[in-house]
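Trainee: Could you take me slowly through one part of this model, the disulfide, and then show me how the charged side chains are placed?

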Amino acid sequence: MMLRNLLLVGCALILSGCTSYEGHYAPSCIAYAGSEIQLEDDRYVWTKFTDQVEIDEDGNKIDPFPGFPRRGEYEKEGYEITLLGSGGAAVHTLFLFRFEGDIYLYTAEETAAYESTGERPVCPLQLQVQGTSN
């Protein structure tokens, strides 16, 4: 418990004064399905992707992610990023982490697993350096 709190405080201190967390987040590994999130000027765009194509009985492509892309404003408090819906209600919370100079967005599930085991997620979203992607 003490180690977990120290890790959280450390991450919050490292990222709290930092504005370089804004940009394009994509999976940190080769992924055939997943999310990408753009954070810029207190606004976000959240898209999902997959290489799988499903076709209905009439031969029409089925949208695998209805409701995406999502757009809206976000709030940052410490190392928490809260994506807001149209009425200002929280729709998703992500957590900023820095590891070896790179910045990542962990989901709540990834953060909980990291806090309990100390093991980093396998393929979290990573802030992409302009002109590159993983």
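Mentor: Let us begin with a term: a residue is called buried when its relative accessible area is under 20%, exposed when that area is over 50%, and partly exposed in between. Please keep in mind that this is a predicted model. By that scale Cys123 is partly exposed, because its relative accessible area is 23%, and Cys29, at 28% relative accessibility, counts as partly exposed as well. These two residues form a disulfide, with their sulfur atoms 1.9 Å apart, and the structure holds one such link. A disulfide is a covalent bond between the sulfur atoms of two cysteines. Cys29 lies in the loop between strand E1 (23–27) and strand E2, while Cys123 lies in the loop between helix H2 (108–117) and strand E8 (125–127), so the pair ties together parts that are 94 residues apart in sequence. The angle about the S-S bond is -100°, and the link of Cys29 and Cys123 is left-handed.

Turning to the charges, the structure holds one salt bridge, in which the side chains of Glu73 and Arg43 meet at 3.8 Å, N to O. This pair links distant parts of the chain, since Glu73 is in strand E4 (residues 70–77) and Arg43 in strand E3, 30 residues apart. Glu73 is partly exposed, with a relative accessible area of 47%, and Arg43 counts as partly exposed at 42%. Elsewhere, a patch of negative charge on the surface gathers Glu40, Asp41, Asp42, Glu75, Glu77 and Glu80. One of its members, Asp42, is found in the loop between strand E2 (33–40) and strand E3 (43–50), and Asp42 counts as partly exposed at 45% relative accessibility.

Conventions: Residues numbered from 1 in each chain as written. Predicted model: local features only at pLDDT ≥ 70, side-chain atom pairs only at ≥ 80, totals over all residues. Heavy atoms only, no water. Patch = residues over 30% accessible without salt bridge, like charges linked within 9 Å, V, L, I, M, F, W, Y side chains within 5 Å. Areas by Shrake-Rupley, 256 points an atom, 1.4 Å probe, with all protein chains shown as cover. Salt bridge = Lys/Arg side-chain N within 4 Å of Asp/Glu carboxyl O. Lys, Arg positive; Asp, Glu negative; His and termini not counted. Charge placed at Lys NZ, Arg CZ, Asp CG, Glu CD. Helix = DSSP H or I, 4+ residues; strand = E, 2+ residues; numbered from the N terminus. Buried < 20%, exposed > 50% of the residue type's maximum accessible area, 1.4 Å probe, protein only. Disulfide = S-S within 2.5 Å.
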